[in-house]
Amino acid sequence: MMSSAALKQRILALGFTRVGIMRAKPSPMVDMYLRWLDAGMHGEMAYLERVDHLRRRHDFSAFIPDVRSIVVVALDYRDLDVADTMLADPLRGRIASYAWGQDYHEIMTPRLMQLESELHNGRAYVDTGAIMERSHGQTAGLGFIGKNTMLIHPRRGSYFFLGEIITPAEFDTYDEHPTPKSMCGSCTRCLQACPTDAFPRPFVLDARRCISYLTIEHKSAIPLELRHRMGNWVFGCDICQDVCPFQRFATSTTEPLLIPPPPSAARAAPLLTDLLGMTSAEFNAHFKGSSVVRITHARMVRNACVAAGNALAAQHPAASALIPHLTRWAHGDDTLIAEHARWALAQASPSR
Ligand code: SF4
Ligand code: SF4
């Protein structure tokens with residue numbers, strides 16, 4: 001029997017912000033998740049349908065046979081000092097706040113792996129294990145799931161990453177309690193603020209319409225009817241979190257590696273002319289160590305074309321600087337990018 005207090009102390013000393021421990025049991029949200037998959041709301045993320053992924057979501061013994069406990073950790077990520085006016089500049093390509101610093105997998109995974117052996121063959125996961133992490137975070141007392149589908153801590157907001165250790169260890173005390181009810185009440189701010197109407201109803205996100213999915217996971221052409229709603233986002237989207245009233249309790253991250261290196265604009269909202277002008281090697285060097293590199297240079301250029309089209313549509317006085325870059329991409333060999341660049345150029349025309 002292990003001391004939960006001692007483990008929590010170790011985890012907080014490793015820099016995590018919060019931790020909860022629950023007994024290993026299936027998520028009460030698995031059926032809802034399967035209905036979401038059946039409705040095709042996961043878009044091109046076919047890996048979510050894989051048999052091994054589905055089994056893991058049902059059954060923790062798919063990870064280790066004698067599993068008894070799940071340790072869920074949280075790490076606050078937002079640097080609240082980055083200026084909103086800079087982020088909203090239509091001539092900049094905005095990046096979701098979780099990706100401003102170093103890739104969180106690289107920060108969290110080695111720290112959790114330090115604990116694996118202490119926990120009798122525990123296994124650490126950060127986004128990688130097909131785990132219903134928000135649901136388990138809720139069961140382990142780290143918050144409630146809001147209508148925007150995020151895990152929200154009532155006194156810290158929702159700008160935090162989750163990680164898990166799945167372990168055969170047994171603890172003297174557990175944090176679990178009956179599934180907390182949502183504290184959203186009659187609020188619908190996130191549902192109303194979503195620019196692409198990605199919530200068909202509260203607590204359900206249709207990824208196919210979500211800017212985060214479209215800019216990061218979606219490999220083919222961005223649907224025409226959504227492009228003009230995507231504003232200046234080029235990697236992810238924070239809107240349904242930013243508008244949540246519980247964010248007034250959020251505090252800046254204390255993890256230096258999650259703070260964008262100066263100048264913060266270069267990693268939080270680079271100029272679109274820079275994004276469109278970079279070579280693939282320059283893109284990799286600029287975003288080295290960040291999760292942004294995962295989408296590759298080509299997908300970033302595709303996304304930047306959409307943001308540039310929106311700046312031209314808004315008739316921003318300095319948006320004409322984008323036109324030479326878009327013209328070059330419109331005549332390039334990459335047919336997907338060329339189509340997005342032509343769409344962007346067409347937005348400059350008042351007769352569009
Ligand atoms: S991340 Fe953005 S696009 Fe996606 S649901 Fe939230 S507000 Fe809508
Ligand atoms: S914005 Fe309102 S409805 Fe949406 S998650 Fe926050 S409290 Fe809930």
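Guide: Let us begin with a cut-off: a residue is called buried when its relative accessible area is under 20%, exposed when it is over 50%, and partly exposed in between. Please keep in mind that this is a predicted model.

Visitor: Why is arginine 92 called buried?

Guide: The relative accessibility of arginine 92 is 18%, and the limit is under 20%, so arginine 92 counts as buried.

Visitor: What makes aspartate 89 and arginine 92 a salt bridge?

Guide: The closest N and O atoms of the pair are 3.8 Å apart, and the definition asks for a side-chain nitrogen of Lys or Arg within 4 Å of a carboxyl oxygen of Asp or Glu, so the pair qualifies. Aspartate 89, with a relative accessible area of 24%, is partly exposed.

Visitor: How do you know that arginine 78 and aspartate 242 tie together parts that are apart in sequence?

Guide: Their side chains meet in a salt bridge at 2.9 Å, N to O. Arginine 78 lies in the loop between β2 (69–76) and α4, and aspartate 242 in helix α10 (residues 239–242), so the pair ties together parts 164 residues apart in sequence.

Visitor: Which residues are joined with these two into one network?

Guide: Aspartate 242 also meets arginine 94 in a salt bridge, at 3.5 Å, and salt bridges that share partners join Arg78, Arg94, Asp238 and Asp242 into one network.

Terms used: Residues numbered from 1 in each chain as written. Chains lettered and ligands numbered in written order. Predicted model: local features only at pLDDT ≥ 70, side-chain atom pairs only at ≥ 80, totals over all residues. Heavy atoms only, no water. Helix = DSSP H or I, 4+ residues; strand = E, 2+ residues; numbered from the N terminus. Buried < 20%, exposed > 50% of the residue type's maximum accessible area, 1.4 Å probe, protein only.
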